[in-house]
Amino acid sequence: MKRKIILIPLIFCFFTILAQETAVTMTKSEFNNFKAVEDNLNQRIQILTSQIDSLENIVREKEGTINSLTNQIEIYLEKEKETSILLSNLNDKITNQKNEIETLIKEVSSLDMIRLRYANGRLELPFDKQKIKESIELFNGIQDQSLKEKYYEIPLLLSQYEEYNQLVGNLLSSLEKDERNNSIQLDEWKAFALKQLDNNKFSLEDRKHNLHIKYLNAIILTAKDRIEKSTRHRVDFSDLIQKVSTQ
């Protein structure tokens, strides 16, 4: 079955999400609101996922009906008694069945975009091992292979999120404790600290990707800003370290 996918509205919505800046911090109320939205999306995905099998069965039934009607047409064409009116009616039925199939294909395509948006959205949220696993599974369930190939970086970044999350946390802890006993000039220490944030494994690899773990990038940007504005060697990263603590 050749599927035509109508993605214009959904792709516009998706790229709008990708273009938005991720906030570094949020209030507890904002986070709870975000979680509520996330939970609601999870419920929708579960419902739609269960529906896809039913939709595909309907598609197969419709295709079987088309084949049956086509066979009937061939049979009636062999009979001189067949009227043009009956042939016209059968052709109308085939057209209607094809239109229904196209509608079902569009619904499946919409589910693909929901899966894609959810998986990409996890890169904007704190690391959660179970949620990451679910996101990878959802992405792998996308049926449009061209869509999976275009955004192949999403499951790759999701699978690396735990490693990078720990790396950023360890780096911030190390810099927070690195007082150097004021043995070097403050500007020299700042340059050292900023270099550590720019040249660690996560930051170096991140610059090679078209898509990014936005949550960790925001944490690093905040850390760099604090270093640049600091008037002493020791900078407090405790809240940022908490944000990357493993869940």
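Biologist: How many aromatic pairs does a search of the whole structure find?
Modeller: The model is a predicted one, and the search was run over the whole structure. The number of aromatic pairs it finds is 2.

Biologist: For the rings of Y164 and F202, is the pair stacked, edge-to-face or tilted?
Modeller: The ring centres of Y164 and F202 lie 5.1 Å apart, and their planes meet at 55 degrees. Planes under 30 degrees apart would count as stacked and those over 60 as edge-to-face, so the pair formed by Y164 and F202 is tilted.

Biologist: Which helices hold Y164 and F202, and how many residues apart in sequence are the parts that the pair ties together?
Modeller: Both Y164 and F202 are buried. Y164 belongs to helix α6 and F202 to helix α8, which spans residues 201–206, so the parts tied together by the pair are separated in sequence by 38 residues.

Biologist: Are helices α6 and α7 roughly parallel or roughly antiparallel to each other?
Modeller: Helix α6, residues 153–177, packs with helix α7, residues 186–199, at an axis distance of 11 Å and an angle of about 175 degrees. Because angles over 145 degrees count as roughly antiparallel, the relation of α6 to α7 is roughly antiparallel.

Biologist: How many nonpolar, polar and charged residues does the contact of α6 with α7 have?
Modeller: On the α6 side the contact is made by L171, L172 and L175, while α7 brings W189, F192, A193, Q196 and L197. Sorted by class, the contact of α6 with α7 has no charged residues, 1 polar and 7 nonpolar.

Conventions
Residues numbered from 1 in each chain as written. Predicted model: local features only at pLDDT ≥ 70, side-chain atom pairs only at ≥ 80, totals over all residues. Heavy atoms only, no water. Axes fitted to C-alpha atoms, helices over the stretch in contact; angles between N-to-C directions. Helix = DSSP H or I, 4+ residues; strand = E, 2+ residues; numbered from the N terminus. Parallel < 35°, antiparallel > 145°, perpendicular 65-115°, else oblique. Contact = heavy atoms within 4.5 Å. Nonpolar A, V, L, I, M, F, W, Y, C, P; charged D, E, K, R; others polar. Phe/Tyr/Trp six-rings, centres within 6.5 Å; stacked < 30°, edge-to-face > 60°. Buried < 20%, exposed > 50% of the residue type's maximum accessible area, 1.4 Å probe, protein only.
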